[in-house]
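User: I am new to this structure and would like a close look at a single part. Please keep the answer plain and connected.

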Amino acid sequence: MESIAGRLSYLSIKCRRRPLWRIALGGLLGLTFSLSGSAFAQQPPPPTVTVAKPVVRDIVEDDEFVGRFDAIDDVAIRSRVAGYLADIHFRDGQMVAKGDPLFTIDQRPYQAAFDAAKSQVDVATSLLEFSKMQLDRAEQLAKSGNLSASTLDDRRREFLSAQAQHQGAEAALRTASLNMEFTEIKSPLSGRIGRRLVSQGNLVQPDSTLLTTIVALDPIDFYFDIDERAYFSYARDARQRGGSIQEGGGGIDVSVRVADQNEAAVKGKLDFAENRLDEATGTMRARARFDNKEGMLQPGMFGRINVPGSLPHPGVLLPDEAIGADQNRRIVFVVDQAGLVSTKPVRTGPRIDGYRVIREGLTGDETVVVNGLVRVRPGVTVKPEAITLPPKAEGQPQ
């Protein structure tokens, strides 16, 4: 303890002998050298980022709309006659062809009515034949003066009455035959049938009891709404093809993608548009038609349709990962030959072949950071690793 106290006393005396400014200057210089050496020792190397030239090639910009598939034909099956449901001739959800039997209404009452109507026709036929013979005989007798004119008029009246009764009996027979035919309910079109909505043995009312539904699946329609700008673009394209967007759609090729990313885009053609714009929304409903031989597309299914919205022109393409955001604008990070990073604002367009179209801001000669955006900022120096972007992004059909 005495040794430590003695040393402190010595230091105190020594500090009194040295000027205070020298002590302060020495401490400040020592701290400066210490911090400088520490910063130099901890300075990180330039971050490594992946850079590439944008893809530059001729493109056709697509407009994307959300829509829904709908059947070309959709029929609700109802009975035309009343009766108890006797038989059901299909399985729920199966494919049916036009003319296939679906339901049978109890035919016994209608068979009896048909037989009665047929017998009435036989009676009327015999009465007509008899009245015709009577009229012919009366005409022969009237010519020889052996029959009065009033009797001849009676025979003619009887013949005309029998003729009318025969026509009425034949009409009743046709009605009974139709009713008998209507007891066999057949498919009016080819397509996929729904589930049975009435079980066997239930009473069916004519034109009111819904039995099932049938939708046509091949081909299938896709409906979507377009704005005025898109309408003018597609209408011009249709006129150049010698057609009309309202009638045939000008034969514009379109494609639709569904929610399942494993399914490839379905190719079809624009074939119809409404004859006026909706005043409430300012849009026009358009329709495209697609082949659906495998039946994968179902009415009511959502999809995203791509419609060509421009003529072929040179385009600059980048992956979405290379595009950053600076408040309300889009930017890309450009690297010069010395590795210095700067930003360029860009205006983006739609996606094509897995890339984003750059409508303004780039010429295609720049070196752009495509991977590692979180490690860069304007003014820093990076270590670029150059790659070449393929003409189409990975996962896109070549």
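Which residues do ring pairs link into a cluster?

Analyst: Ring pairs join F65, F69, F222, F224 and F290 into a cluster. This is a predicted model, in which local features need pLDDT of at least 70 and side-chain atom pairs count only at pLDDT 80 or more, while totals for chains, interfaces and linings use all residues. Residues are numbered from 1 along each chain as its sequence is written, and side-chain values use heavy atoms, with hydrogens and water left out.

Rings of Phe, Tyr and Trp (its six-membered ring) pair if their centres lie within 6.5 Å; planes under 30 degrees apart count as stacked, over 60 as edge-to-face and the rest as tilted. The structure holds 7 aromatic pairs. One of them joins F69 and F222, with 4.8 Å from centre to centre and 70° between the planes, an edge-to-face arrangement. This pair links distant parts of the chain, since F69 belongs to strand β3 (residues 62-71) and F222 to strand β12 (residues 220-226), 153 residues apart. Strands (E, at least two residues) and helices (H or I, at least four) are DSSP runs, numbered from the N terminus.

Buried means under 20% relative accessible area, exposed over 50%, and partly exposed in between (1.4 Å probe, protein chains only).

For contrast, F130 in helix α3 (residues 108-144) counts as partly exposed, at 46% relative accessibility. With L127 and M133, F130 forms a nonpolar patch on the surface, with about 290 Å² of accessible area together. Such areas come from the Shrake-Rupley method with a 1.4 Å probe, and for residues only the protein chains shown count as cover. Nonpolar side chains (Val, Leu, Ile, Met, Phe, Trp, Tyr) are joined within 5 Å, and like charges within 9 Å.

Another ring, that of F90, has R196 over its face, at 5.7 Å from the ring centre. A charge sits over a ring if NZ of Lys or CZ of Arg is within 6 Å of the ring centre and within 35 degrees of the ring normal.

How values were computed
Patch = residues over 30% accessible without salt bridge, like charges linked within 9 Å, V, L, I, M, F, W, Y side chains within 5 Å. Salt bridge = Lys/Arg side-chain N within 4 Å of Asp/Glu carboxyl O.
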